[in-house]
Amino acid sequence: MNSVESNPIITVKNLQLAYGKHLVLKNVSFEVEQGHCLVVMGGSGCGKSTLLKSMIGLLEPIQGEICINGKMLWVDNSHGNKIAKEFGVLFQGGALWSSMTIHENVALPLSLHTDLADKEIEELVHYKLSLVGLSGFENFYPSQLSGGMKKRAGLARALALDPRILFFDEPSAGLDPITSKRLDDLITELKESLGMTFVVISHELASIFNIADDAIFLDAKLKTLLDRGTPRSLLDKSIHEEVVDFLTRNESSTN
Amino acid sequence: MENKSHNDGVEKTAMSIPGLEWKHERGELFITLSGRWLLSCPERQQVLRKWQSLIKQARDIEIFHISCTEDVIWDSSLVIFIRNVMGEFELNKKRATLGYLPDGLPKLLEISKERKTTKDKNEHEGLAENFDNFTADLPNYFARPIEFIGAVIIACTELVSGKSVMRLGDLVESARKCGASALPIVTLISFLTGLTLAFVGSVQLEKFNAKIYVADLVSLAMVREMGALMVGIIMAGRTGASFAAELGNMKLNEEIDSLRTFGISPISFLVLPRTLALFLMTPLLTLYADIVGILGGLTVGTLVMNFSTVHYLEQTQSALTHMWEIYSGVTKSLVFGLIIGLVGCYKGMNSGPDSAALGKSVTSAVVVSITCIIVADALFEMIFSYLELR
């Protein structure tokens with residue numbers, strides 16, 4: 001355990017984020033250990049998705065730093081492409097490219113970022129789609145898939161370049177409890193079998209307790225990170241009423 | 001929804017109009033509301049007028065007490081009335097107290113008061129804030145388009161140096177969509193334009209017994225001006241709008257964000273093939289429109305004005321002896337294509353986060369494109385005229 005803890009793959013220091021003049025988050029610092037699943041939780045409007053946007057290079061912080069696998073994000077733009085290959089992102093709605101088939105969606109990052117032959121790319125696409133249980137859907141367009149299938153296809157695409165880190169934006173959003181549970185199980189299986197690091201934005205406790213090794217709680221009023229720990233330790237020991245409230249309310253609804 | 005006090009009897013609900021009574025006591029005004037305070041009661045307006053005259057008479061009174069009778073039947077109209085009255089008192093620094101009010105009404109007043117305060121605050125702050133945001137954003141209105149054009153230029157240099165992520169297939173597909181697929185509408189509009197020019201010209205030229213010059217008029221007007229302009233306007237409405245909608249929708253669905261996370265430049269991957277396709281297709285469509293427009297003129301010339309086809313075409317040929325006439329239209333169309341492509345893509349890429357904003361972007365793309373095309377056309381004519389190319 002100690003050896004793992006001493007090896008953070010993501011480091012966020014004194015992060016301050018804003019949309020124009022509207023400050024969203026301030027003084028956010030945390031680390032994510034390699035092979036861990038960190039869940040970012042909090043109520044609506046607390047800045048979870050904003051934090052994710054910044055961590056995946058879509059929103060430049062006004063202050064602070066983000067270090068992914070030893071490379072500083074936003075500091076040196078020449079790292080841009082290299083860092084992009086370090087992680088995959090699963091957006092809330094899957095964000096599949098609608099004009100392309102599922103096969104093309106997964107194949108595109110491979111064809112643009114690798115020198116692999118077409119045949120190898122094809123094999124890889126089949127493999128990635130089979131990992132998420134979508135074999136046979138290669139020639140479907142995103143519009144022909146259900147919400148859960150879109151997310152799984154998005155996951156296959158996020159896995160395309162064998163990233164070490166995966167970011168998820170509310171994977172359970174808009175899914176029924178059974179599909180949501182399947183997606184959680186898939187995350188756990190991938191984490192165990194591929195040893196990947198996960199950062200998951202979520203406010204659904206059932207999902208959080210299923211997948212999280214560690215969790216941070218963002219507070220909308222204070223606009224900062226309020227507490228961190230395992231979901232169970234936060235529930236049992238957190239001194240912050242908001243955290244306990246959040247976990248209790250959700251837990252009771254989960255139960 | 002009608003609300004009735006708990007204790008009202010059936011016979012009391014027969015009161016069919018809103019009631020407003022008052023009495024003076026020791027310099028204080030006691031107001032009692034009764035009857036049917038319903039939005040569906042037209043008599044409410046009379047009561048409101050009565051209230052206005054009362055409040056004018058009671059200018060010197062400092063303390064007001066408002067209450068309802070137990071049998072009052074009410075809906076939102078009563079809430080609004082009391083809310084407005086209390087607001088007026090507060091504004092005029094008068095003391096006002098609420099006496100008996102039917103169940104539920106005090107809570108509604110409390111909630112709506114809170115909301116009103118918040119809204120008022122936002123309205124006042126909003127004005128200043130909007131102005132503040134506008135001035136702060138002012139440089140962005142100019143900087144963003146320049147930044148966008150800069151990014152497109154960089155993407156073009158990457159394309160030339162072979163480092164671009166643009167796919168040839170996307171360029172071909174975009175060219176098909178904005179080129180070949182536009183042929184039917186371009187044919188129709190150009191043919192009708194040529195036809196109309198011929199009809200208008202024939203009437204005027206007949207007066208000078210110079211009807212055959214209708215061939216000159218149609219051909220020169222089409223190749224110099226109308227071909228490029230009509231194709232530009234069609235492309236702005238058809239393709240420019242489609243680019244804005246397509247890219248705006250991709251932005252809405254986070255597809256553009258997902259491209260960025262893979263280190264794929266949306267400018268190279270999405271904007272470049274579309275803009276290049278339009279840049280290449282517009283001149284071809286313009287040449288095609290020129291020919292179809294001339295054919296429209298030929299139709300009038302042969303069928304209405306009884307010229308022979310050969311005679312008309314020979315006259316057309318003699319009018320177009322200088323190839324520059326054709327080149328000038330094609331040169332314009334190259335710029336028009338570029339304008340439509342860039343404006344459509346820019347509006348799509350900078351579309352807002354909801355479907356209403358998307359609609360606005362599409363409309364804006366068409367309006368801005370057409371305006372820019374007409375401005376560019378005027379500039380071209382001024383330059384050609386200055387350089388004595390006409």
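Guide: A residue is called buried if 20 or more other C-beta atoms lie within 10 Å of its own, exposed if 12 or fewer do, and partly exposed in between, with C-beta atoms placed from the backbone. The model is predicted: local features need pLDDT of at least 70 and side-chain atom pairs count only at pLDDT 80 or more, whereas totals for chains, interfaces and linings use all residues. Residues are numbered from 1 along each chain as its sequence is written, and chains are lettered from A and ligands numbered from 1 in the order in which they are written.

A:Thr188 belongs to helix α7 of chain A; helices (H or I, at least four residues) and strands (E, at least two) are DSSP runs numbered from the N terminus. Two residues are in contact if their C-beta atoms, placed from the backbone, lie within 7 Å. When neighbours within four places in sequence are left aside, A:Thr188 is in contact with A:Asn210 and A:Ile211. A:Ala212 is 24 residues away from A:Thr188 along the chain, and the C-alpha atoms of the two are separated by 9.1 Å.

A nonpolar core is a set of buried Ala, Val, Leu, Ile, Met, Phe, Trp, Tyr and Cys residues joined through C-beta atoms within 7 Å. The largest such core has 72 residues, of which A:Val39, A:Phe167 and A:Val199 touch the most other members. Another core lies apart from it and has 68 residues, including B:Leu197, B:Leu229, B:Met281 and B:Leu320.

Helix α7 (177-194) of chain A is also one of the elements against which the buried residues of α6(A) pack. The others are β6 (87-90), α4 (102-113), α5 (118-131) and β7 (165-169) of chain A. Of the 12 residues of α6(A), 10 are buried, so this helix is largely enclosed by the rest of the structure. Its buried residues include A:Lys150, A:Lys151, A:Arg152 and A:Arg157, as well as A:Met149 and A:Leu155. Helix α6 (residues 147-158) reaches 16 Å from its first C-alpha to its last, close to the 16 Å expected at 1.5 Å a residue; the expected span is 1.5 Å times one less than the number of residues.

Chain A as a whole has 10 helices and 10 strands. Its radius of gyration, 18 Å, is close to the 18 Å that the globule rule gives for 255 residues, so chain A is as compact as a globular protein of that length. That radius is taken over C-alpha atoms, and the rule is 2.2 Å times the number of residues to the power 0.38. The C-alpha trace of chain A spans about 55 × 45 × 40 Å along its principal axes, and 43% of its residues count as buried. Of the contacts in chain A between residues at least 6 apart in sequence, 65% join residues at least 24 apart.

The contact between the chains takes 15 residues from chain A and 11 residues from chain B. Chain B has 11 helices and 6 strands. Its radius of gyration is 35 Å, well over the 21 Å that the globule rule gives for 390 residues, so chain B is more spread out than a compact globule. Its C-alpha trace spans about 105 × 60 × 40 Å along the principal axes, and 35% of its residues count as buried. Chain B is divided into domain 1 (8-111) and domain 2 (142-386), with bounds from an automatic or database domain assignment. The centres of these domains, taken over C-alpha atoms, are separated by 66 Å.

Helix α5 (residues 183-207) of chain B has 25 residues, and its end C-alpha atoms are 36 Å apart, in agreement with the 36 Å that it should span. Its buried residues, among them B:Val186, B:Leu197 and B:Ala198, pack against α6 (214-252) and α8 (266-303) of chain B. After α5(B) comes B:Asn209, with a positive phi near 55°.

B:Ser40 lies in the loop between β3 (28-37) and α1 (44-57) of chain B, and counts as exposed because it has 9 C-beta neighbours inside 10 Å.
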